[in-house]
Amino acid sequence: MDSKKSFEDRFPRLNRLIEWCRKQYVYCIDGVWSDPANGFKQKLVKTLNLSIQSFLNKDLQSTACAMAFRTLLAIVPALALLFAVGRGFGFDNLLKSSLLDYFPAQHEVLERGFSFVDSYLNQASGGIFVGVGILFLLWTLLSLVSSAETALNKIWNVQGRTLWRQVTDYTAIFFILPILIICSTGINVLMSSALQVVIPFDFMTPLVSTLVDSASVVLIWLFFAGVYKLLPNANVKFSNALIAGILSGTAFTILQWLFVSGQIYVSKYNAIYGSFAFLPLFMLWMQLVWVITLAGAVLCFSSQNFVLYSYSTQISKISFDYRRKILLAVMYVICRRYKKGDTPPDVNDFTRLYGFPIKLVSQIVEELRHCGLALKVEVNEKTRQVGYVPAIDLQELTVGKMLKALRSDGDDNFLPDFDKDFERVSKIIDKISNNLYESYNDIRVVDLDFSEDDINNK
C-alpha cells in the first residue's frame, strides 16, 4: 500500500493519464452505446466499435481467403471477357500495355497469361465450343460475383437475390463493367494527350501527371462505392457507400503502389523460383484486396446501422415492468397520431422524437402486431416506408385490455398437470392479473395524456 501511494505521489500526472485512458477505453468499448448524445464523436466511436466487432465476429479473414481462391479460378475467364469486349473497341493492345505497366517485373508471366486468354477465346469462338465456351465463361463469373454478394449479404444480415435476379443483374454487370474498365484505362492516355496540348510547357508535366493520377483514384473510389451500393441485397445509402468507397479505394491504391514497387525486387528470386515467384505475391495481394473490400463493406454497414445497437446491453437485460412502460408509451403515440389524423409513426420516429432505441422499438411494434393491437400500413409508396395504426377502435382500446392482450400472447396451459400440482399458484396469478385488468379497464390508451380526474370527468 505504501509503495502504491509512493508511486501515485511521485507520478501524479502519469497516474491521471492512465486513469483517463482506462475511462476512455471503457467508454469506447461499452459506455458509448448508453450515451444519449448524438454528436460526431459518438457516431464515430460507435461506427468504429461496431466495425471492429463485426469484422472479427464474422470471420472475414477466412472469407477473404476463399474469395481470393475463387478469383484465381475466374481470372482467365474474366480477362477473356475483358479482352473480347476490348477487341470490339480496338483497345486490346491498350489493355495489355496497362497490365504490363502495373506489373513491370513479370512480363514473362503476363505474356503467358495473354496466350492463355487468346487460346480461351479461340476455343470459345469456333465450332462446337462457341455455345459451351460462352456458357462456361458466364457461369464462372456468375459464381464469383454470387460469392461476393453472399459475403456482403452476410455482413448486412440480409437474404440474397433470387436466381432470376442474379442472372439478369450479373449479366448486365458483365457487359457494362468491361466498357467502364476500358474507358478508365483509356482516360489516362486521353487526359495526358489533351493536357499536353493545352499545357505544352515541360515544367507543367508534374501537374499533368498529378491530375491524371487523381482522376484514376477518383474512378477507383467510385468503383468501390458502386460495389457497396449495388452488390448487397439491401437498401444502402449512397453517402455511406461513398465514404466507405473513398477509404477502401485509398487503401487499395496504397496497396497497389506497394505491390508494384515490390515487383522490382521479385526479379532477385526468379533464379530460384522462376516464373512462379509471381504467384505467392499475387495471391497475397489478392487476399489483401478482398480484406480491404470486406472491411469497407463492414464500415459501410456500421456507419448506416450503428443506431440499431444503442443500449444493446440494457435491452438484453430489460425488466418486465420497464418493457411494459415502453409498450404502453409506443401504443399511446400510435393512438394519438391516429386520432389527430397525422402520418402513422414508424420506428425511426420514436428514435428521433423520444430517443427510444430503434432495436427495442422494432421488437415492440412487432409484438403489438402479433397481439392484434397494431397494424402495419404503407406510408410512402416510393420509399416503401411503413407506419403503424391501431388495430382496435380507440373507444374500446383500454389499458386493461391492452395489458391482457400482451400477457395472454403466446402458448398457455401446455403442461397437463401444472394446475393440479400448483393449484394455489395458478389461482394467485390469475387473481392478480384479473384485478390488474379490471383496475385499468376504464382508462383508454388514447387518453393517457389526461390526469385521472380529467378521465373520470370525461
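Leu415 sits in the loop that connects α17 (399-408) with α18 (418-421). In this predicted model, Leu415 belongs to a nonpolar patch on the surface, together with Phe414, Phe418, Phe422, Val425, Ile428, Ile429 and Ile432. Taken together, these residues have about 770 Å² of accessible area. If you follow the chain onward to helix α19 (residues 423-439), you reach the element with the largest share of the patch, four residues.

From the surface, let us turn to a pocket. The second largest pocket of the model has a volume of about 1,400 Å³, and 38 residues line it. To find its centre, look for Gln304, Val307, Leu308, Asn348 and Ile358, the lining residues that lie nearest to it. Several elements give two or more residues to this lining: the helices α3 (40-57), α10 (238-266), α12 (278-305), α15 (347-354) and α16 (358-370), along with strand β2 (385-390).

Our last stop is the aromatic rings. Across the whole structure, a search finds nine aromatic pairs. One of them joins Phe224 and Tyr228, with 6.3 Å from centre to centre and 40° between the planes, a tilted arrangement. The angle counts as tilted because stacked planes are under 30 degrees apart and edge-to-face planes over 60. Both residues belong to helix α9 (residues 205-230), and because Phe224 and Tyr228 are four residues apart there, about one helical turn separates them.

Key:
Residues are numbered from 1 along each chain as its sequence is written. This is a predicted model: local features need pLDDT of at least 70, side-chain atom pairs count only at pLDDT 80 or more; totals for chains, interfaces and linings use all residues. Side-chain values use heavy atoms; hydrogens and water are left out. Patches are made of residues with over 30% relative accessible area and no salt bridge: like charges are joined within 9 Å, nonpolar side chains (Val, Leu, Ile, Met, Phe, Trp, Tyr) within 5 Å. Accessible areas come from the Shrake-Rupley method with a 1.4 Å probe; for residues, only the protein chains shown count as cover. A salt bridge is a side-chain nitrogen of Lys or Arg within 4 Å of a carboxyl oxygen of Asp or Glu. On a 1 Å grid over the protein atoms alone, a cavity is a set of points where a 1.4 Å probe fits but cannot get out, and a pocket is an open set with protein on both sides within 12 Å along at least five of seven lines; lining residues have an atom within 4 Å of a point. Grid points are joined across faces, edges and corners, and a volume is the space filled by probe spheres set on the points. Rings of Phe, Tyr and Trp (its six-membered ring) pair if their centres lie within 6.5 Å; planes under 30 degrees apart count as stacked, over 60 as edge-to-face and the rest as tilted.
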